[in-house]
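This briefing sets out selected structural features by topic. Please consult the sequence and the structure shown below while reading.

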Amino acid sequence: MFASSTPRTRPLMQALVVGFVAACITLPVGAQDEQATDAFVQSIKTPQFESTITVAPEIIMESGLGSDLVSTSVAAARKLAVSAAEDAEASPEFFRPYLVDERWDVTLANATFVSVLGTHWMYTGGAHGNYDFSSVIWRRNGDGVGDRMPLADMFADGMRKESPLWDELSRALLAKWEVEWAKRIGQPLGEDDMTWRDSAERAFVFHPEYQPVVTLLPSTQGDKSAGLTFHYSPYILGPYAMGSFSFDVPYPIFEEYLTDEARAWFGGEIKPSAQEND
């Protein structure tokens with residue numbers, strides 16, 4: 001399909017792939033209509049690449065948030081389609097088509113926030129695909145619009161490295177991980193598992209270049225959140241065969257570190273349907 005990908009021809013390759021992808025994209029009419037009940041589902045295909053992007057209808061109806069996620073997801077797919085075409089031409093004998101499945105779902109929606117979780121599965125060669133998570137906490141401004149809210153803005157000290165908040169979170173998350181490990185393996189942590197315990201300890205502390213993937217927990221009080229859920233993709237806390245991990249942290253564990261405003265956003269108990277990972 002493409003000529004040799006020299007520096008002079010690569011811009012042409014990129015233009016052809018982006019044009020091919022753009023021709024495959026048709027946004028649904030009235031995607032952000034307040035009466036919309038269907039999820040946004042977009043399939044993108046090229047000879048070397050195939051992806052499906054699914055966005056829950058509640059997200060599509062949220063002014064600003066739906067268009068934000070759709071545009072960034074489609075842009076990322078276009079970029080990966082170009083990479084797939086380049087890899088296919090560079091090593092055609094080893095290349096296998098790239099596959100992507102991306103889903104965005106709501107974890108909580110109330111008068112103040114819409115919390116969403118993105119699950120991104122990808123195969124770009126090798127023995128198997130893998131998946132990871134991303135999240136958005138969207139604050140509603142009350143005038144029909146909203147904006148992304150960094151998790152750190154909920155805490156008085158901004159979740160800085162020296163904050164005692166990290167000690168509280170680390171203890172809670174490590175304890176939950178040890179319980180979940182024993183549940184999945186059928187026995188407590190053994191001497192051979194200490195490498196994974198070290199990995200878990202590193203994952204649960206402050207990282208200057210890594211923000212934890214966190215969503216808001218539904219509460220028995222409809223206008224509140226009952227806490228935070230931390231999401232970890234395969235390989236971070238265990239071997240691939242163990243899959244991903246998600247841990248619910250009730251708000252009393254971190255309540256004292258919240259800003260005065262944020263304390264009003266949390267309350268109640270975790271809804272039973274939200275306690276799958278506890």
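Ser73 touches Ile53, Glu102 and Trp104, leaving aside residues up to four places away in sequence; contact means heavy atoms within 4.5 Å. The model is a predicted one, in which local features need pLDDT of at least 70 and side-chain atom pairs count only at pLDDT 80 or more, while totals for chains, interfaces and linings use all residues. Residues are numbered from 1 along each chain as its sequence is written, and side-chain values use heavy atoms, with hydrogens and water left out.

- Ser73 belongs to helix α3 (residues 65–90); helices (H or I, at least four residues) and strands (E, at least two) are DSSP runs, numbered from the N terminus.
- With a relative accessible area of 4%, Ser73 is buried (buried means under 20% relative accessible area, exposed over 50%, partly exposed in between, with a 1.4 Å probe and protein chains only).
- The side chains of Ser73 and Glu102 are joined by a polar contact of 2.5 Å. A polar contact is a pair of N or O atoms within 3.5 Å; within protein, one must be able to donate a hydrogen and the other to accept it, and residues adjacent in sequence count only if both atoms are side-chain atoms.
- Ile53 is found in strand β2 (residues 49–55) and counts as buried at 1% relative accessibility.
- Not counting residues up to four places away in sequence, the contacts of Ile53 include Phe40, Ser73, Val74, Ala77 and Glu102.
- Between Ile53 and His120 the C-alpha to C-alpha distance is 9.2 Å, although 67 residues separate them in sequence.

**Aromatic pairs and a charge over a ring**

- The structure holds 13 aromatic pairs. Rings of Phe, Tyr and Trp (its six-membered ring) pair if their centres lie within 6.5 Å; planes under 30 degrees apart count as stacked, over 60 as edge-to-face and the rest as tilted.
- Trp166 and Phe206 form an edge-to-face pair, because their ring centres are 6.0 Å apart and their planes stand at 75°.
- Trp166 lies in helix α4 (residues 165–185) and Phe206 in the loop between α5 (194–203) and β7 (213–218), so this pair ties together parts that are 40 residues apart in sequence.
- Trp166 counts as buried at 10% relative accessibility, whereas Phe206, at 25%, counts as partly exposed.
- Phe204 and Tyr232 also make an edge-to-face pair, with 5.4 Å centre to centre and 75° between the planes.
- This pair links distant parts of the chain, 28 residues apart: Phe204 is in the loop between α5 and β7, and Tyr232 is in strand β8 (residues 225–232). Both Phe204 and Tyr232 are buried.
- Phe155, Tyr251, Phe254 and Phe266 are linked into a cluster by ring pairs.
- Arg184 has its charged end over the ring of Phe245, 3.9 Å from the ring centre; the criterion is NZ of Lys or CZ of Arg within 6 Å of the ring centre and within 35 degrees of the ring normal.

**The β7-β8-β9 sheet**

- Three strands form an open sheet in the order β7-β8-β9, with antiparallel pairing; two strands pair if DSSP finds at least two bridges between them.
- β7 and β9 (245–250) stand at the edges with a single partner strand each, so one side of each is left without a neighbour in the sheet.
- Neighbouring strands are turned by 30° against each other on average, direction ignored.
- Six bridges join β7 and β8 in the antiparallel sense, and Val214 has Phe230 in β8 as its bridge partner.
- Helix α4 lies across β8 and β9 and runs at about 135° to β9; axes are lines fitted to C-alpha atoms, for helices over the stretch in contact, and angles run from 0 to 180 degrees between N-to-C directions.
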